[in-house]
Amino acid sequence: MEGRSSGIERNLEDGGSKALAPDEISHLALDIGGTLIKLVYFSRNDSWSVDDKGAKSPKGDSPLRVSCSNLDYPILYGRIHFAKFETSKVNECLEFIRSKKLLHGGRWHHEAPVSDKNGIKATGGGAYKFADLFKENLGLNLDKEDEMDCLVGGANFLLKAVHHEAFTYMDGQKEFVQIDHNDLYPYLLVNIGSGVSMLKVDGDGKFERVSGTNVGGGTFWGLGRLLTKCKSFDELLQLSHQGNNRVIDMLVGDIYGGMDYSKFGLASTTIASSFGKAISENKELEDYRPEDVARSLLRMISNNIGQISYLNALRFGLKRIFFGGFFIRGHAYTMDTISVAVHFWSKGEAKAMFLRHEGFLGALGAFMSYEKNNYDGLVVHQLVEQVSTSASYSGDKIHSSLAGDLNDNESIGCSVYTT
Ligand SMILES: Nc1ncnc2c1ncn2[C@@H]1O[C@H](COP(=O)(O)OP(=O)(O)O)[C@@H](O)[C@H]1O
Ligand SMILES: CC(C)(COP(=O)(O)O)[C@@H](O)C(=O)NCCC(=O)O
């Protein structure tokens, strides 16, 4: 499949490949952010295999091999798995790794010492903050990869390798974007995590962090929690579905006596001032419905990020803006607001696009970095299919996730080779 290989043309200096045992788990990678821990790993599974033309082959060791630089590697079949945990509940992540036996190829030996070589790739601030905790609890060394390198690595990988990864979202319409591999760069990558980073991406490993804002996903969740007393992020997002921001936001029409300010293209329904109505009314927080507060807040933050993104795209003449990070959560209203902001400010010149694996860019970047020296490299040869189970892991329970949320406990079928 064209463009679905990664690192396939690399020069390899020594031959041979260490075949994984069936169902063996390997290449665990973490992105430990300010709010969430994202985890990615590969599991080998011989129950299916698909050749380059998409034909399924029988169970058992693959007859297919891939050649690079006169060396021959057997192709392995399996899945890339995704999971996430709250950073404040890092112990649940430790327990997941332990219970799924992710460090020992699917088999757990309490006594087995974890050697330096068996350390795992980790990125995000938590790779520093929690290094000792992972060492003490799992005997595990976190091999730190730079967060921005990983975001870009993950985004480039997804855009090139995963079919239907990027899409636009406007007026309730989702449209997948065909990525032209020869015309991908430059683009602006906006990662909306706890805070927001904006990167101008010019190629594989070629990028600059051009801006950022501290008003991000953490702001929405933190302020939203204080203002609405919501107990979880999902609850806050659900509340925002039912709210009406016009109850709290001051609109152009509120200021202009119901009229547009048409000379400057401001419709009467445009928000003139987020939360602006709260100053002019003799009301306390309790007098507002939490639904309306949640909606206003989501709109304010999404709009602001959309606008700053546009300004940065304008700075560098970029037309394509890809948004990632778990703030988005595939949420219609969030994506719509960001898209409208980009469209409005750029007068239709720039396009906001979203990524199906939005929150896993950093973790995937760390996962892909196993290809680099010192470790048994894992090269993704082909991604084949995608299955979503719409469930998330928390302790020993599986919870169903938000409708349309494709990221929890999902896995992607793939073929790989190890070097
Ligand atoms: N289950 C959740 N719990 C908390 N925050 C969530 C959840 N799902 C999405 N979010 C949002 O995603 C943000 C974190 O996004 P993420 O990309 O993981 O960033 P970070 O790397 O900073 O943790 C949170 O600040 C919040 O806005
Ligand atoms: C410091 C961070 C890179 C950490 O990443 P995160 O855990 O938020 O994903 C990010 O929060 C950020 O870019 N904050 C904005 C800082 C600024 O440019 O103002």
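Me: What share of the 419 residues in the protein chain is made up of buried residues?
Reply: Buried residues account for 52% of the 419. Keep in mind that this is a predicted model. The chain has 11 helices and 22 strands.

Me: What makes the pairing of the Ser197 and Arg209 side chains a polar contact?
Reply: The two side chains make their contact at 3.1 Å, and the rule asks for N or O atoms within 3.5 Å, one able to donate a hydrogen and the other to accept it. The distance is inside the limit, so the pair counts.

Me: Let's turn to charges. Why does the pair Asp143 and Lys121 count as a salt bridge?
Reply: Side chains of opposite charge can pair when their charged atoms come close. For Asp143 and Lys121, the closest N and O atoms are 2.9 Å apart, and the limit is 4 Å, so this is a salt bridge by the rule. The partners come from distant parts of the chain, 22 residues apart: Asp143 from strand β9 (residues 142-144) and Lys121 from strand β8 (residues 120-123).

Me: Why do Asp143 and Lys121 get separate burial labels?
Reply: Lys121, at 3% relative accessible area, is buried, while Asp143, at 24%, is partly exposed. The buried class ends at 20% and exposed begins over 50%, with partly exposed in between.

Me: How do you know that Asp234 and Arg329 form a salt bridge?
Reply: Their closest N and O atoms are 3.0 Å apart, and within 4 Å is what the rule wants. This pair links distant parts of the chain, 95 residues apart: Asp234 in helix α6 (residues 233-242), and Arg329 in the loop between β17 (320-324) and α10 (332-345). Arg329 is buried, with a relative accessible area of 8%, whereas Asp234 is partly exposed at 26%.

Me: What makes Asp254 and Lys277 a salt bridge?
Reply: Again the distance: the closest N and O atoms of Asp254 and Lys277 are 3.1 Å apart, against a limit of 4 Å. Asp254 is in helix α7 (residues 252-255) and Lys277 in helix α8 (residues 277-280), 23 residues apart. Asp254 is partly exposed at 41% relative accessibility, and Lys277 is buried at 16%. Back to Lys121 and Asp143 for a moment: salt bridges with shared partners join them and Glu145 into one network.

Me: How many salt bridges does the rule count?
Reply: The count comes to 12.

Me: Now the domains. What shows that domain 2 touches domain 3?
Reply: The contacts do: eight residues of domain 2 meet 11 residues of domain 3, contact being heavy atoms within 4.5 Å. Domain 2 covers 166-245 + 288-355, and domain 3 covers 249-284. Their C-alpha centres lie 23 Å apart. Together the two domains bury about 780 Å², of which 59% is on carbon and sulfur atoms. Of the area that domain 2 buries against domain 3, 60% is supplied by Asn245, Tyr288 and Met300, more than any other three residues.

Me: What polar links does the rule find across the interface of domain 2 and domain 3?
Reply: Two residue pairs in polar contact, and zero salt bridges. On the side of domain 2 that touches domain 3, helix α9 (residues 290-316) gives the largest share, five residues. By class, that side has five nonpolar, two polar and one charged residues.

Definitions and conventions: Residues numbered from 1 in each chain as written. Chains lettered and ligands numbered in written order. Predicted model: local features only at pLDDT ≥ 70, side-chain atom pairs only at ≥ 80, totals over all residues. Heavy atoms only, no water. Domains from an automatic or database assignment. Buried area = accessible area lost by both parts, 1.4 Å probe. Salt bridge = Lys/Arg side-chain N within 4 Å of Asp/Glu carboxyl O. Helix = DSSP H or I, 4+ residues; strand = E, 2+ residues; numbered from the N terminus. Nonpolar A, V, L, I, M, F, W, Y, C, P; charged D, E, K, R; others polar. Buried < 20%, exposed > 50% of the residue type's maximum accessible area, 1.4 Å probe, protein only.
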